[in-house]
Amino acid sequence: MGTSFGRGGASTFQQDLQNSDCIVIQGSNMAECHPVGFQWVMEAKARGAKVIHVDPRFTRTSAMSDVHVPLRAGSDIAFLGGIVNHVLSKEKYFRDYLLAYTNAPMILREDFQDTEDLDGLFSGLDPDERVYDATTWQYEGMATQAASGHREEHYPKVTEGRSEISHEARGESHGSGGAALGEGVPHRDETLSHPRCVFQVLKRHFSRYTPEMVERTCGVPRDLFEKVCELVTENSGRDRTTAIAYAVGWTQHTTGVQNIRAAAILQTLLGNMGRPGGGILALRGHASIQGSSDIPTLFNLLPGYIPMPHSHTGEDLDTFVEAEAAEKGYWGHMRDYLVSLLKAYWGPAATEDNDFCFDYLPRLTGSHSTYDTVQLQLDGVCKGYFLMGENPAVGSANARLQRLAMANLDWLVVRDFSLIESATWWKDGPEIETGELRTEDIATEVFFLPAASHSEKDGSFTNTQRMVQWHYQAVEPEGDARSDLWFMYHLGRVIREKLAGSTDEADRPVLDLTWDYPVKGDIAEPEAEAVLAEINGFDAEGRPLSSYTQLKDDGSTACGCWIYCGVYADGVNQAARRKPGKEQNWVAPEWAWAWPANRRILYNRASADPEGRPWSERKALVWWDAERGEWTGHDVPDFPATRPPDHVPPEGAKGSDALSGTDAFIMQADGKAWLYVPTGLLDGPLPTHYEPQESPFSNPLHRQRRNPAREFLVRHPYNRYHPSGPEPGSEVFPYVATTYRLTEHHTAGGMSRWQPYLSELQPEFFCEVSPELAAERGLTHMGWATLVSARTAIEARVMVTDRMAPIRVQGRTLHQIGLPYHWGPNGYTRGDAANELIHLAVDPNVRIQETKTLTCDIRPGRRPRGPALLDLVREYRTRAGITEETGTEM
C-alpha cells in the first residue's frame with residue numbers, strides 16, 4: 001500500500017463500503033474476524049452490491065456472499081494476476097484515470113528484464129546473496145535510486161567503519177510516504193504504446209495469467225473465475241466502484257507484500273482508488289494494530305513512519321534527511337517532521353547547535369524484528385526481554401523455538417492480564433514434558449506484572465481505518481494491575497532517578513528527555529490526554545497545532561507524531577468527538593478523528609477528473625470550486641486546499657510545492673499511483689506468483705519456484721523446512737494447512753481462553769477436514785488427529801465438514817486443513833498451539849512469517865507424549881530426507 005499509493009494505512013473507511021457496487025473480500029474472513037465492520041458489507045448488499053469471498057474455507061463470510069471462490073492457500077497472486085490480465089486484455093481499464101493519476105506512461109530503462117525474460121527472476125539479482133540491485137528497475141531519464149533497505153550509496157562520503165545493514169526490513173517506512181525516486185525527469189509516452197512504458201510492461205508481465213493458468217495454479221474453475229472478472233469489471237469505472245478488503249490471510253506469506261501489490265494494481269487499473277465505494281481496506285486484527293504501527297512499536301521506525309537512522313559513522317541530521325526524504329510531495333518535508341519530533345523528545349535540550357539532539361536517537365545495526373531477536377536469544381546476544389501484549393510461546397511461528405530462545409535469557413518481563421504461556425513455559429511448557437528443557441537448568445528470571453485492561457485506563461485506539469477514538473477509564477485497576485502508560489512512565493522515571501548526576505555522555509539522551517507528564521490518583525497514573533497533546537504538537541508558545549503543514553524545521557514546533565498533528569487541535573481532544581451520524585454527512589467527519597488531517601478517504605483528489613470535476617455525480621466526493629478557489633466536498637480534500645487543477649509547479653520546486661494540480665497521490669515521490677514499483681521493494685517491481693516456502697507443487701509459471709528474496713531468520717535444528725513437490729520426500733507431507741481465527745477467541749487466546757463463557761462456546765482446539773480427507777486418512781468426526789511437520793507434532797479434535805472442500809490443482813486432488821490458532825496449555829480451554837507446526841521463512845520486505853500455508857501430514861489418534869513425540873518427528877524427517885539445506889535453495 002505504501003509503495004503503491006504513498007501510505008500504508010487503509011485507503012478508505014468501513015462505513016464507506018455501503019457505497020460499493022462490488023466488494024471483494026480475500027485474505028480475510030471479515031464476518032467472523034471483523035463482525036462490527038461487516039455490517040457495512042451487508043448494507044452494501046442490501047443496496048444491490050455484489051459480494052465476493054475468495055478463501056480456501058467456506059466461512060461465515062462465504063455464507064453471506066453472492067459468490068464464494070475456494071482456492072489453494074498461497075496462490076493469491078495468480079488469482080489476482082488473472083483478473084489483472086482480464087482487465088488489460090479485454091480493455092476494461094479506466095484509461096483517463098490511468099493517464100492522469102498513475103505511472104502507466106513512464107518508460108523503463110532499456111536494460112530492465114522481467115520474469116518473462118528470466119524465467120521467474122527480475123534483472124539485478126545477486127544469486128549468492130539473494131538480494132536484488134534495483135538499478136535496472138528505474139525509469140529512463142532518472143538517476144539510480146536504491147530499493148528500500150539498501151540506502152548505503154546515499155552516504156558516499158561516509159564509508160569507513162560503516163556496518164553492513166542492508167537487511168533491516170525497511171518496508172514499513174512507507175506507512176506514510178512512498179519510496180524516494182532518483183533525480184531527473186522520467187520519459188513518458190502518453191499513448192501508452194511504447195514497448196517499455198509501464199502499461200505495456202504490465203500487459204506482458206500478466207499475459208500468462210490466463211483463466212486456464214488460474215485454474216491450474218489456484219484450483220478455481222474457469223467459469224467461476226470468469227464470473228468474478230465480470231462482476232469486478234462491470235462494477236468499476238466512471239460511474240461504479242469496487243472495494244477490496246484483506247487481512248492477514250494476504251500478509252502472512254513469503255510474498256505477503258506482493259499479494260497487496262497485486263490488489264493495488266487491480267484497483268488502480270480500474271480507477272477505484274480515492275473514490276466512494278472503492279479503495280483497499282486493510283483490516284486490522286486488534287483495536288489498535290494501526291496505532292501501534294503509527295506511533296510505533298516497530299523496531300525500524302520513528303513515529304509517523306520516519307525511518308530509524310542507521311549506524312553510519314559521522315551521519316548528521318542533514319545527511320540523513322537528504323538520503324531518506326523525497327524531492328517531491330509531502331514526504332519532501334521530512335526535516336520539518338523529524339526536527340519537531342526531536343523537540344518533542346528533548347525539548348529545550350534540542351537546539352540547532354547540537355543538530356536538535358539527532359545524535360541521541362538509537363541507531364540500527366541490523367534487523368531487530370521479533371524473529372531476528374529469537375536468533376539473538378539463541379546466540380546469547382539478547383539477554384533481556386519485555387513482553388507486553390504478546391504471547392510468543394504459542395502465538396508466534398515455530399512456538400517451540402520461541403520457548404527455547406526465552407530459556408536462554410537472563411531475565412524476562414511479562415505484562416499481561418493472566419498467566420499466559422509466555423510466563424509459565426519454564427515449568428509447564430511442552431519441552432519440560434519431552435525432556436528438552438528442565439526447570440532446574442533454566443536460568444531465566446521471569447517477572448510477571450499484571451496489566452490493566454482498556455476499561456481500567458484512559459487512552460486511544462487507532463483502528464483499521466486510521467481513526468483515532470478516545471476511551472475513558474470506567475473503573476480503577478484492581479490490585480497491582482497497572483496500565484502500559486503507567487509502567488513505561490514510571491520505569492523511565494526510576495531509570496532517570498538512578499542516572500541523576502551522571503556525567504557519562506551516554507546517559508544524556510535519557511536524562512534530557514522531556515519526561516514531565518502530570519499524574520493523578522493514588523497510583524500516580526500519568527494523564528493520557530497530556531501524552532495525546534504532546535503527540536499532536538505545539539508551537540514555541542505552547543499553543544496546540546492543528547495541521548502537520550504548520551511544522552517547522554527550525555525548532556519552533558514540537559510534535560510527537562506528525563501524521564497525528566491535529567488530533568488535539570484548538571486544545572480539544574478531537575478523538576473524543578461523538579457527534580451522531582444523523583447530524584452530519586455520510587462521511588461523519590465529527591465522529592472521532594482520522595489521520596492524516598481527518599481525511600476518511602485517502603487520495604480523494606482522484607475522485608475528480610483532471611479538471612477537478614467528479615468522474616460522475618453518483619461517485620462525487622471532492623471537487624474544485626473555481627468560484628471559491630478551493631477544493632471542497634463531502635470529505636477533507638487529500639490535496640493542497642487551494643491548488644487549482646491546472647497548476648503547474650515552477651521549475652526546481654521541492655516538497656509539496658512541486659505537486660501539480662493533478663498529482664493526486666501526494667505522498668508519492670512523483671505524485672502518482674504506482675502500477676510498477678521502480679524503488680522501494682526488495683523482491684521485485686511487479687507481483688509474481690511464487691510457490692509458498694512449503695508446497696506440494698512446482699511453480700506452473702516459471703522455473704523459479706519460490707520467492708528468491710525470501711529470508712530465513714533462524715537457522716536451527718528445530719526450524720527445518722520440507723521438500724516441495726515434486727521433490728523426493730515431499731510426499732511425506734502431502735497436505736496443505738492454513739491457520740485462522742474465530743469470533744469466540746482472540747489471537748493467541750490470552751484474553752479469551754481465561755473467560756469461561758467464551759471457552760464454553762469454543763471448548764477445544766480442532767482441525768477442519770473434508771469428508772474425502774477423513775475417509776482417506778481414517779479420521780473420525782469429533783475424534784482425535786495428529787498433525788505432523790518437520791518442527792513438531794500436535795493433536796486436535798477432528799471436525800469433518802464440507803467447508804474444506806478438496807480442489808483440483810495441476811491435475812490432482814489437493815486436500816487442505818484448517819487450524820484455528822487460539823489455543824495453548826493454559827486457561828479454561830486448553831490444547832496444542834497450531835503455531836507449533838510452522839516454520840520461520842519470511843517476506844523480505846517486512847519480515848512477516850508465512851503462517852497461512854504450510855505442508856503437513858495428518859493421521860488418526862492422539863500424538864505421542866514425552867520423548868516419543870521427538871521420535872515421531874525424527875522419523876518423519878528421516879523419511880522425507882530432510883537436512884539443514886532442505887528448502888533453503890533459491
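Predicted model: local features only at pLDDT ≥ 70, side-chain atom pairs only at ≥ 80, totals over all residues.
Helix α5 covers residues 76-89, and helix α9 covers residues 222-234. Their axes come within 10 Å and cross at roughly 60°. The two helices are therefore oblique to each other. On the α5 side, the contact is made by Phe79, Gly82, Ile83, His86 and Val87. On the α9 side, Phe225, Val228, Cys229 and Thr233 take part. By class, this contact holds six nonpolar and three polar residues, with no charged ones.

Helix α9 also packs against helix α8. The axes of α8 and α9 are 9 Å apart, and the packing angle is about 120°. This crossing, too, is right-handed. Pro211, Glu212, Val214 and Glu215 of α8 meet Arg222, Phe225 and Glu226 of α9. Here the residues divide into three nonpolar, no polar and four charged.

Arg222 pairs with Glu212, and their closest N and O atoms are 2.1 Å apart. Arg222 lies in α9, while Glu212 lies in α8 (residues 211-218). The two residues are ten apart in the chain. In total, the structure holds 55 salt bridges.

The sheet is open and has five strands. Their order is β3-β2-β1-β6-β7, and the pairing is parallel. Strands β3 (67-69) and β7 (280-282) stand at the edges. Each has a single partner strand, so one side of each is left without a neighbour in the sheet. On average, neighbouring strands are turned by 15° against each other, direction ignored.

Within the sheet, strand β1 (residues 22-26) pairs with strand β2 (residues 50-54). The pairing is parallel and runs over five bridges. Ile25 stands opposite His53 in β2. Helix α3 (residues 38-46) lies across β1 and β2, and runs at about 145° to β1. Helix α9 packs on the sheet as well, touching β1, β2, β3 and β6 (242-246). The direction of α9 makes about 130° with that of β3.

Conventions: Residues numbered from 1 in each chain as written. Heavy atoms only, no water. Axes fitted to C-alpha atoms, helices over the stretch in contact; angles between N-to-C directions. Helix = DSSP H or I, 4+ residues; strand = E, 2+ residues; numbered from the N terminus. Parallel < 35°, antiparallel > 145°, perpendicular 65-115°, else oblique. Contact = heavy atoms within 4.5 Å. Nonpolar A, V, L, I, M, F, W, Y, C, P; charged D, E, K, R; others polar. Pairing = 2+ DSSP bridges. Salt bridge = Lys/Arg side-chain N within 4 Å of Asp/Glu carboxyl O. Left-handed = near helix turned anticlockwise from the far one by under 90°.
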